[in-house]
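Student: I would like to learn how to read a structure feature by feature. Could we walk through one together?

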Amino acid sequence: MEGTESNGSTASSVVADWSLVFWTLCAVILPVLITLWCSFQRSRRQVLIRDIFRKSKHDWHYTDLFGQPSYCCVCAQHILQGAFCNCCGLRVSEGCLKKADQLFLCKEIMMRSNGGAHSSMPHHWIRGNVPLCSCCMICKQQCGTQPKLCDYRCVWCQYTVHDECMMDCLKTEECTFGEFRDLIIPPYYLSTINQMRKDKRTNYEKVIVYYFFVFDLSKIAPAKALQLCTLLPCNAVRVLVCGGDGTVGWVLDAIDEMKIKGQERYIPQVAILPLGTGNDLSNTLGWGAGYAGEVPVEQILQNVMEADGIKLDRWKVQVTNKGYYNLRKPKVFTMNNYFSIGPDALMALNFHAHREKTPSLFSSRIINKAVYFFYGTKDCLVQECKDLNKKVELELDGERIELPNLEGIIVLNIGYWGGGCRLWEGMGDEPYPLARHDDGLLEVVGVHGSFHCAQIQVKLANPVRLGQAHTVRLILKSSKMPMQVDGEPWAQGPCTVTITHKTHALMLYHSGEQTDDDASSMSEQDHVREQTDEDV
């Protein structure tokens, strides 16, 4: 009996052990299997979605969270995530994506005209998800107030209409393209121009034409994008460059290529949306020191339409290395903003080297400026560019300039420098010659070091004003020094730097609200002008 009981207890303990092992394995393996299955389904779903995106005429993008209350245009259900079309504004849930792609047409970028120069097209209505605070074009009451898929919006003119106000006549009514008609190219325009070219007619001005296209410069070069200007009436195109001063320079270089090709009459005027770190050119032309989404897109487009055309001097910077046996061609740059040798070029060089190693860290304007501040503080202690006046010679319009004790020399074409500092004016407490960006003159200043630069930026010191000139010549006699042109730095050995006028660029100036710096600068310049008039 005791043996039997012993065997029974042993068997039950074995069963309990195996049961524990089984459930332990289930607890470990089951979540892994579920995770793998979900991952497989997610990847399969993503493949299907990408396939739809690739084949679709819509410009679909997927989002995990819509920025405002949204409803699926197919099933009319409220959705938090899904796909939206960047072109026509459709919003759909993931499950309705394929059906929406089949049911709804996107904007037609190009379509056949009806044969006449003054072609027309009806509204292109999309139901639901109208912009907040939009008003009905019929009853003038607010649209989109109900928590459901309701009301209509035209993807061309952006007019909105209530469901109950929508009439059959509106569905066939001619679209006027709304308040931004001067910035939109209608679908029929390109086909009309193509037909006119076949008929050997070039009077494009007779075609009702509007001008607005968006190009991603990471996918298409500016030179290719700007060829669209040759299909538009002469001297009628305005370009908005969204980026930093380097991007603006890239576009202006492409415009110079148009001049070489004999396309000067098609050259556009250029406005700027400042997305870079310094944005000094944008600041000079009234477009601000940086854009963080605080201004509505509609207001930006309105500013572009109302902006005034001005000219911007562009300069040729030629760097010729010294040496009898140097067979290399001189380096040639185009300058829009400024050239410098000394501490600010050293900061730019260190920043550039750091960004090349870890580009992912430099995605924020604040981080970029913090890195500049770090290298500026470091140079205050190290003073790598001291005794610059013993290493260089400076000539302004052929006249030798005696240099005081300096660490840096900066040649300015525009009013702003160093991310928002009006360097030529300094504290504004001394009379100084007027500086412009379209007078064919360069302003040349010296700085005593990084700490002096910081003092100038907070209006606690004035720069060393060395003069104004049409031609600047700088000779680096010995050693290697940091140099930069418009934020593009390099280390340079003994050489001769010659800066001469190259051409003018057609820019757009936004005369919006003035900052305190702008107002004080203008008042100082007016005071100087009054003194000059009295002397005369």
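This is a predicted model: local features need pLDDT of at least 70, side-chain atom pairs count only at pLDDT 80 or more; totals for chains, interfaces and linings use all residues.

Student: Where does Ala-491 lie?

Tutor: Ala-491 belongs to strand 21. Helices (H or I, at least four residues) and strands (E, at least two) are DSSP runs, numbered from the N terminus. From C-alpha to C-alpha, Ala-491 is 6.5 Å from Lys-480, with the two 11 residues apart in sequence.

Student: How many bridges join strand 20 to strand 21, and do they run parallel or antiparallel?

Tutor: The general idea is that strands of a sheet pair through backbone hydrogen bonds, either parallel or antiparallel. Two strands are taken to pair if DSSP finds at least two bridges between them. Here, strand 20 (residues 481-485) and strand 21 (residues 488-492) run antiparallel and are joined by five bridges.

Student: What are the partners of strand 22?

Tutor: Strand 11 pairs with strand 22 (residues 495-509) in the antiparallel sense, over 14 bridges. To find your place there, take Asp-313, whose bridge partner in strand 22 is His-504. Strand 19 (residues 472-476) also runs antiparallel to strand 22, joined to it by five bridges. In that pairing, Arg-473 stands opposite Thr-498.

Student: In what order do the strands of the open sheet come?

Tutor: The open sheet has three strands in the order 1-4-5, with antiparallel pairing. Strand 1 (60-63) and strand 5 (91-92) are the edge strands, each pairing on one side only. Strand 4 and strand 5 run antiparallel and are joined by two bridges, and Phe-84 has Arg-91 as its bridge partner in strand 5.

Student: Which residues have a positive phi without being glycine?

Tutor: As background, most residues other than glycine have a negative phi, and most peptide bonds are trans. Two cases to look at are Asn-129, with phi near 55 degrees, and Cys-133, with a positive phi of about 65 degrees. Asn-129 sits in the loop between strand 6 and strand 7 (152-154), and Cys-133 lies in the loop between strand 6 and strand 7 as well.

Student: Is Asn-129 buried or exposed, and what about Cys-133?

Tutor: Asn-129 counts as buried because its relative accessibility is 14%. Cys-133, at 65%, counts as exposed. Ile-138 is also placed in the loop between strand 6 and strand 7, and its 38% makes it partly exposed. The C-alpha atoms of Ile-138 and Thr-160 are 8.8 Å apart, although 22 residues separate them along the chain.

Student: Which residues have the most contacts inside the largest nonpolar core?

Tutor: In soluble globular proteins, nonpolar side chains tend to be buried together. A nonpolar core is a set of buried Ala, Val, Leu, Ile, Met, Phe, Trp, Tyr and Cys residues joined through side-chain atoms within 4.5 Å. The largest one here has 35 residues, and those with the most contacts inside it are Trp-60, Leu-90, Val-92, Leu-97, Trp-156 and Val-161. At least two residues of this core come from each of helix 1 (2-55), strand 4 (82-85), helix 2 (97-103) and strand 6 (125-127). Helix 1 gives the largest share, three residues.

Student: Where does Lys-329 fall?

Tutor: Lys-329 is in the loop between strand 11 (308-321) and strand 12 (331-335). With 75% relative accessibility, Lys-329 counts as exposed. Its C-alpha lies 9.2 Å from that of Val-319, 10 residues apart in sequence.

Key. Residues are numbered from 1 along each chain as its sequence is written. Side-chain values use heavy atoms; hydrogens and water are left out. Buried means under 20% relative accessible area, exposed over 50%, partly exposed in between (1.4 Å probe, protein chains only).
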